[in-house]
Amino acid sequence: MSSLLGLTAHELQELLKKKEISSEDLIKEHLSQIKKVEGALNAFVTVTEKKALQEAQKIDEKRCRGEELSSLAGIPMALSDNILTAGVKTTCSSRMLANFVPPYSATVAEKLQSADAVLLGKGNLDEFGLGATTENSYFGATHNPHDLKAVSGGACGGVSAAVAAEEAVFALGTDTGGDLRQPASFCGVIGFKPTFGAVSRYGVVTGASSLGQVGPLTRDMTDCAWVMNAISGYDPHDSLSVASADKGDYTSFLVNDVKGLKIGIPQEYLQGVDPEIIAQLRETAAKLVELGASCEEVSLPYRELALSTYQIISAAEGSSNLACFDGVRYGFKVEAEDLDTLYKKTRGQGFGPEVKKSIILGTYVLSSEQYEVYYLKALKVRTLLKAAMEKLFQNYDCLLLPSTPTVASNLGDNPARAEARDLKIWTCPANLAGIPALSLPWGMVKGRPVGIQFMGKAFAEETLFRIGFTLEQNTNQTRLSLNGKGVC
Amino acid sequence: MKIRESDITKIANIAKMELSAEESKDLTQSLQEILVHMDVLNQVETKNVDPTIDVLPLKNVYREDKVKEGLTKEQVFANASEVENNCFKVPRII
């Protein structure tokens with residue numbers, strides 16, 4: 001039997017259906033890949049070996065009995081460690097939750113479990129999703145599978161690296177300001193952030209409630225559609241989930257045709273970008289034009305304001321959400337004589353430096369003296385940004401821009417540095433406007449993967465899937481393999 | 001706006017988070033730098049602009065007032081360090 005590593009879920013499902021392989025074979029091969037590469041990568045906080053093998057055996061039994069199985073049945077997956085999994089440790093890569101075993105699962109985890117996808121482990125991330133390199137994890141940094149000296153990106157670097165390093169076939173991450181698109185780009189896999197409200201966030205620990213979404217990391221667009229089919233839809237447990245977001249079958253959007261699509265390239269977002277990445281983006285645009293779409297440069301104002309707006313809103317919402325970590329009901333605790341000291345010592349020692357910085361900023365901008373100056377101002381600028389994007393979408397079907405201005409930087413640079421924060425300039429506008437965005441791999445520059453990004457109208461996921469699928473069918477730039485480099 | 005170390009101490013106190021002297025000093029500098037960056041927002045006129053609190057046009061959603069199964073007491077208390085008489089136990093408050 002040739003190696004099963006690096007194949008997509010739909011390629012593997014063919015083999016499973018024909019009974020050429022069993023789910024147990026598939027899980028075992030991925031578990032040995034994890035054993036082989038984890039020492040160098042550190043993509044996982046927890047590996048659920050025993051549970052995965054038991055589930056694989058059960059799925060094989062179901063298949064033998066001729067039971068109807070879902071398209072993801074028996075496929076190995078990873079979940080970012082800020083997605084709750086009942087009975088499986090969920091740490092958010094923080095000392096605060098280092099031993100936390102949730103009593104219930106996130107809706108997305110439950111949906112994938114009922115689809116019989118097999119959880120192999122929980123992916124490392126920047127503590128509570130605050131960071132851009134996965135170096136702010138209590139459990140150490142995740143390395144980039146294409147070049148071990150490089151960062152994996154963040155916040156969800158662990159799951160991105162796991163898919164790229166063939167440790168899992170697909171994964172779920174969260175995206176508050178680019179936290180799954182940017183590491184997907186750095187690691188050379190597809191990262192998709194759905195429209196706000198399309199996927200339930202119940203049981204997902206995201207920093208900022210009005211910005212975050214859960215989305216898939218996959219090797220191709222068909223897998224992306226399969227995972228969206230499994231996880232999307234209205235959830236009464238998430239008050240911001242939208243019934244009208246139910247799109248039906250995402251595989252129906254896999255159309256190999258972009259004729260007539262109008263694509264805008266916001267010129268402001270080419271500034272400060274590595275010329276080699278701009279060349280890759282121009283190549284993508286040329287390919288789309290060759291295939292019948294039109295591409296032209298457009299203007300999307302407020303670039304400099306988007307990042308500040310994002311930072312204020314995410315810190316404000318994050319500081320409120322992180323108030324629940326008090327050492328009393330769950331998580332890390334420092335004993336003290338009185339309750340006030342218990343809270344202060346627990347939070348002082350349980351949170352890492354980036355989380356503390358964000359809480360201080362968030363508490364400051366929400367304080368009565370500063371509320372109007374910063375927080376209310378940011379909410380108003382958000383309205384302007386959203387309106388500017390909506391205006392562009394009156395004339396264009398989607399926007400094309402780089403996922404990141406550079407390829408992955410080296411590990412060990414200060415993760416709190418301004419450049420790491422500035423990475424979000426290219427991704428956070430989609431979160432501020434609540435629109436869907438897709439990061440698609442597009443070749444390599446300087447030996448590290450490049451990501452090209454498409455942002456679409458709210459609830460118009462079909463356009464992004466159509467573009468991604470068409471590019472994938474007509475080029476060989478979107479599916480990167482490790483080819484014996486990096487970790488393999 | 002100039003941030004002083006006493007401001008950081010005050011904010012940390014509101015956030016119920018103990019900081020070491022070194023952390024307070026570092027955060028004073030970080031917050032000052034971040035706020036300079038934030039001041040770009042003041043260049044934009046927003047007098048007649050409504051704030052965006054949520055990106056979706058939300059409506060109030062009602063549900064039936066029906067009792068549903070929830071977590072058991074054992075599940076709720078499983079992660080707590082101190083429990084007594086089905087309550088989370090904390091040290092003295094006053």
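1. In β8(A), Leu217(A) is the bridge partner of Gly191(A). The model is a predicted one, in which local features need pLDDT of at least 70, side-chain atom pairs count only at pLDDT 80 or more, and totals for chains, interfaces and linings use all residues. Residues are numbered from 1 along each chain as its sequence is written, while chains are lettered from A and ligands numbered from 1 in the order in which they are written. Strand β7 of chain A covers residues 190–193 and β8(A) residues 213–218; the two run antiparallel and are joined by two bridges. Strands here are DSSP runs of E with at least two residues, helices are runs of H or I with at least four residues, and both are numbered from the N terminus. Two strands are taken to pair if DSSP finds at least two bridges between them.

2. The other neighbour of β7. Three bridges pair β7(A) with strand β12 (residues 437–445) of chain A in the antiparallel sense. In β12(A), Leu438(A) is the bridge partner of Phe192(A). Ile190(A) and Phe192(A) point one way from β7(A), Gly191(A) and Lys193(A) point the other way, and all are buried. A residue is called buried if 20 or more other C-beta atoms lie within 10 Å of its own, exposed if 12 or fewer do, and partly exposed in between, with C-beta atoms placed from the backbone.

3. The sheet as a whole. In chain A, 11 strands form an open sheet of mixed pairing, in the order β1-β3-β2-β6-β8-β7-β12-β13-β11-β9-β10. The edges are held by β1 (44–47) and β10 (294–298) of chain A; each has a single partner strand, so one side of each is left without a neighbour in the sheet. Neighbouring strands of this sheet are turned by 25° against each other on average, direction ignored. Axes are lines fitted to C-alpha atoms, for helices over the stretch in contact, and angles run from 0 to 180 degrees between N-to-C directions.

4. Strand β11. Strand β9 (residues 262–266) of chain A runs parallel to β11(A), and two bridges join them; Gly264(A) stands opposite Leu399(A). Strand β13 (residues 448–456) of chain A pairs with β11(A) in the antiparallel sense over five bridges, and Ile452(A) in β13(A) is the bridge partner of Pro402(A).

5. Helices across the sheet. Helix α3 (residues 49–64) of chain A lies across β1 and β3 of chain A and runs at about 160° to β3(A). Helix α5(A) lies across β1, β2 (76–80), β3, β6 and β8 of chain A, at about 155° to β6(A). Contact between two residues requires their C-beta atoms, placed from the backbone, to lie within 7 Å.

6. Phe170. This residue lies in strand β6 (residues 170–175) of chain A. Phe170(A) counts as buried because it has 28 C-beta neighbours inside 10 Å. Not counting residues up to four places away in sequence, Phe170(A) touches Ala9(A), Met77(A), Val163(A), Pro216(A), Leu217(A), Thr218(A), Asp223(A) and Val227(A). The C-alpha atoms of Phe170(A) and Ile190(A), 20 residues apart along the chain, are separated by 9.6 Å.

7. Backbone geometry to check. Most residues other than glycine have a negative phi, and most peptide bonds are trans. Lys19(A), which is not a glycine, has a positive phi of about 60°; its place is in the loop between α1 (9–17) and α2 (23–41) of chain A. Lys19(A) counts as exposed because it has 10 C-beta neighbours inside 10 Å. Thr134(A), also not a glycine, has a positive phi of about 60° and is placed in the loop between β3 (118–123) and β4 (143–144) of chain A. Thr134(A) counts as buried because it has 36 C-beta neighbours inside 10 Å. A cis peptide bond, with omega about 10°, joins Gly154(A) and Ala155(A). Ala155(A) is in the loop between β5 (147–151) and α5 (157–164) of chain A.

8. The interface with chain B. On chain A, 52 residues are in contact with 41 residues of chain B. The elements giving two or more residues to this side of chain A are α9 (303–321), α10 (339–350), α11 (353–366) and α12 (371–395). The largest share, 11 residues, comes from α12(A).
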